[in-house]
Amino acid sequence: EELESDEFEPVWEACKGVLGQQPVALFGSYGWGGGEWMDIWKRDNAGLNIVDTVICQDAPDDDALAACRAAADKLA
């Protein structure tokens, strides 16, 4: 499980340098595997102010949507 190197990774690399200590919430989904990439992201981007993470399998269910709303509150 890793970043899509041609599409998303260049965008992420360009953005993370300007985020500084702005609060960041990470959201993602996965269709296979166990979503370990989120743990890797948290570890590899420890310099960012990551205030919350939400991950779900496939489409967000009610619990994931509630977690996204709670994460958004932390960004305000």
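How many residues does helix 1 have, and how far does it reach from its first C-alpha to its last? Helix 1 (residues 8-19) has twelve residues and reaches 16 Å, close to the 16 Å expected at 1.5 Å a residue. Please keep in mind that this is a predicted model. Here is a quick tour, from the backbone to the charged pairs.

**Backbone**
- Just after helix 1, G20 adopts a positive phi of about 55°.
- Strand 1 (residues 23-30) pairs with strand 2 (residues 49-57) in the parallel sense, over eight bridges.
- S29 stands opposite C56 in strand 2.

**Around D52**
- D52 lies in strand 2 and is buried, with a relative accessible area of 18%.
- Beyond its sequence neighbours up to four places away, D52 touches V24, A25, L26, A67, A70, A71 and K74.
- The side chains of D52 and K74 meet in a salt bridge of 3.2 Å, N to O.
- K74 belongs to helix 3 (residues 62-75) and D52 to strand 2, so this pair ties together parts that are 22 residues apart in sequence.
- K74 counts as partly exposed, at 45% relative accessibility.

**Salt bridges within helices**
- The structure holds four salt bridges.
- In one of them, K16 joins E13, with the closest N and O atoms 3.4 Å apart; the two are three residues apart in helix 1, so about one helical turn separates them.
- K16 is partly exposed at 26%, and E13 is partly exposed at 41%.
- K42 forms a salt bridge with D39, the closest N and O atoms being 3.6 Å apart, and this pair is three residues apart in helix 2.

Note on methods. Residues are numbered from 1 along each chain as its sequence is written. This is a predicted model: local features need pLDDT of at least 70, side-chain atom pairs count only at pLDDT 80 or more; totals for chains, interfaces and linings use all residues. Side-chain values use heavy atoms; hydrogens and water are left out. Two strands pair if DSSP finds at least two bridges between them. Helices (H or I, at least four residues) and strands (E, at least two) are DSSP runs, numbered from the N terminus. The expected span of a helix is 1.5 Å times one less than its number of residues. Buried means under 20% relative accessible area, exposed over 50%, partly exposed in between (1.4 Å probe, protein chains only). Contact means heavy atoms within 4.5 Å.
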